[in-house]
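I opened this notebook to record what I looked up, one topic at a time. The entries follow the order in which I went through them.

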Amino acid sequence: MPIQACPESRQTAGDLAEDAIRLGAGVRHTIIMALLAGTIQSASAGVDPEVDLRKAELAVENVRTTLRQPALAQSDATKARRELLEKLQRLGTQRSFVGDHRGAMAAFDELTLSRPASSASADDFARLAKAQEEDAISAIIREADKHRVVILNEAHHVPLHRAFAMRLARELRRIGYDWLACETFEKTPFNKGYLALSDGYYSREPAFGNFLRDAKADGWQLVQYEPFDQDSGGSMSEQIERRESGEARNLVARIFSLHPDAKVFIYVGYGHLREKPRVGDGSGVALMAAQLSHLTGLDPLTIDQTTMMEHTNSAAEHPLYAAALRQRPGIPFVLRAPDDGYEVFGSYRSAIDMQVVHPRYGVDAHSGRPAWLRTLAGFTATEPPISEPDAITPYFVYAYPQGQPDDAVPADVVQLTPGAPVPKLMLPEGQFRFLIQR
């Protein structure tokens with residue numbers, strides 16, 4: 001693979017979040033028009049009570065205004081910058097919940113670009129030059145057949161990652177994996193008979209909801225493992241260790257101790273998949289994957305998909321990303337090393353097993369939506385079946401699985417702006433009702 005130097009990039013938003021370790025064809029549609037309580041609501045007051053875009057955008061702008069003050073004291077500026085990062089994270093996450101994928105990425109890119117730049121080493125480019133591209137799903141399934149635990153991460157503001165997880169889950173199910181544990185669950189999902197907003201925080205995003213409904217229909221057993229009963233006191237390291245070890249203990253108690261032969265797919269945010277530092281090696285806090293391996297003796301297959309992906313601002317991309325794409329555009333792939341292992345770049349090097357490189361999917365001309373909704377998720381473009389011809393401000397159209405109430409996770413959300421091209425809903429196979437949110 002011919003390799004050329006790439007511009008420097010900065011620390012990714014995934015690395016920033018990790019610092020704190022937290023936070024097709026045949027679609028049949030039933031159109032049921034529903035207006036919220038018969039009242040006109042503001043464009044930013046979403047069906048989801050967690051979403052108030054107007055408030056989130058105003059909070060970001062207020063902090064920016066503070067930072068523009070010429071006589072701002074250094075201590076106040078430092079505090080305001082920290083607050084801006086928090087507000088951008090909240091804004092980006094809320095945008096993802098209502099289908100604004102580019103807006104979500106843009107908010108996190110601003111966060112990423114606020115930190116010092118990182119650069120690739122000569123060793124990185126040499127490793128990339130010798131690597132061979134392989135289809136990501138096929139390679140992961142081949143390796144997963146040698147393991148009993150697969151751990152895949154996500155960036156919490158990137159719905160694309162849930163589409164990849166959905167595709168991977170279908171293939172893992174074929175080789176005997178049957179337990180799906182997701183960091184985001186706040187309770188065992190589907191207890192209401194449908195996926196509810198209250199079942200998890202990030203799972204309220206439509207692509208995540210479609211992933212989980214698909215998994216449920218495919219026979220996966222879904223498990224909640226986040227330890228919400230942990231003591232919040234102590235140092236940051238102590239808090240992280242309690243959370244990570246608590247997650248691992250819950251996985252053991254709720255799956256492995258009851259089903260010793262279980263094959264488990266664990267879907268996490270950012271760095272919880274790190275296998276190093278290991279428990280007790282003295283090199284730092286052991287995160288969930290390492291804690292789980294320590295408790296079970298199992299070697300998990302760990303896969304990152306947060307490092308090598310497109311951003312709205314190319315300066316926020318990993319410095320090797322553009323070079324990695326030159327030989328294999330169009331599909332997610334991994335890079336096979338000459339020793340038959342897999343190359344991993346960035347902060348996860350030597351800490352995990354594999355790394356997915358996502359292509360630049362672009363925008364689908366037919367739907368006006370991200371192309372991965374069709375090519376990766378396999379969803380079908382559908383005209384929004386209800387509209388407000390007299391509207392003068394933007395409004396949202398929600399699609400829900402038919403028969404499910406407004407506290408269900410929607411299958412898709414689009415924003416319609418008067419005078420602008422109308423984006424299409426991208427929906428899985430099924431029947432749906434539709435709702436206008438003004």
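I needed a rule for angles before anything else: under 35 degrees counts as roughly parallel, over 145 as roughly antiparallel, 65 to 115 as roughly perpendicular, and the rest as oblique. I work on a predicted model, where local features need pLDDT of at least 70, side-chain atom pairs count only at pLDDT 80 or more, and totals for chains, interfaces and linings use all residues. Residues are numbered from 1 along each chain as its sequence is written, and side-chain values use heavy atoms, with hydrogens and water left out.

I took helices (H or I, at least four residues) and strands (E, at least two) as DSSP runs, numbered from the N terminus. Axes are lines fitted to C-alpha atoms, for helices over the stretch in contact, and angles run from 0 to 180 degrees between N-to-C directions.

I looked up helix α6 (residues 136-144) against helix α7 (residues 160-174): their axes cross at roughly 45° and come within 10 Å. The two helices α6 and α7 are therefore oblique to each other. I noted a right-handed crossing where α6 passes α7; a crossing is right-handed if the near helix is turned clockwise from the far one by less than a right angle, and left-handed if anticlockwise.

For contacts I used heavy atoms within 4.5 Å. From α6, residues A136, I137, I140, I141 and A144 meet F164, R167, L168, E171 and L172 of α7. I sorted the residues of this contact of α6 with α7 and got eight nonpolar, no polar and two charged. In that sorting Ala, Val, Leu, Ile, Met, Phe, Trp, Tyr, Cys and Pro count as nonpolar, Asp, Glu, Lys and Arg as charged, and the others, Gly among them, as polar.

**Entry: α7 and α8**

I moved on to the next partner of α7. The axes of α7 and α8 cross at roughly 10° and come within 8 Å, and α7 and α8 are therefore roughly parallel to each other. In α7, R162, A165, M166, A169 and R170 meet A207, F208, N210, F211 and D214 in α8. By class, this contact of α7 with α8 has six nonpolar, one polar and three charged residues.

I then checked the length of α8: its 12 residues reach 16 Å from first C-alpha to last, close to the 16 Å expected at 1.5 Å a residue. The expected span is 1.5 Å times one less than the number of residues.

How much of α8 is buried? Nine of its 12 residues are, so α8 is largely enclosed by the rest of the structure. I read buried as under 20% relative accessible area, exposed as over 50%, and partly exposed as in between (1.4 Å probe, protein chains only). Among the buried residues of α8 are P206, F208 and R213.

S203 sits in the loop between β6 (179-182) and α8 (206-217). I found S203 buried, with a relative accessible area of 0%. Leaving out residues up to four places away in sequence, S203 touches T184, L195, F208, G209, L212 and V409.

D407 lies in the loop between β13 (395-401) and β14 (412-416). With a relative accessible area of 27%, D407 is partly exposed. D407 and L195 are 212 residues apart along the chain, and their C-alpha atoms are separated by 8.7 Å. With residues up to four places away left out, D407 touches K192, Y194, L195, A196 and L197.

I noted buried residues in α9, including I240, R243, G246 and F256.

The axes of α9 and helix α10 (residues 288-296) are 8 Å apart, and the helices pack at an angle of about 45°. The crossing of α9 and α10 is right-handed.

**Entry: backbone exceptions**

Most residues other than glycine have a negative phi, and most peptide bonds are trans.

- K276 and P277 are joined by a cis peptide bond, with omega about 0°. P277 is in the loop between β8 (264-269) and α10.
- Y270 has a positive phi, near 45°. Y270 is in the loop between β8 and α10 and is buried, at a relative accessible area of 3%.
- S350 has a positive phi of about 70°. S350 is in the loop between β10 (333-336) and β11 (354-357) and is exposed, at a relative accessible area of 54%.
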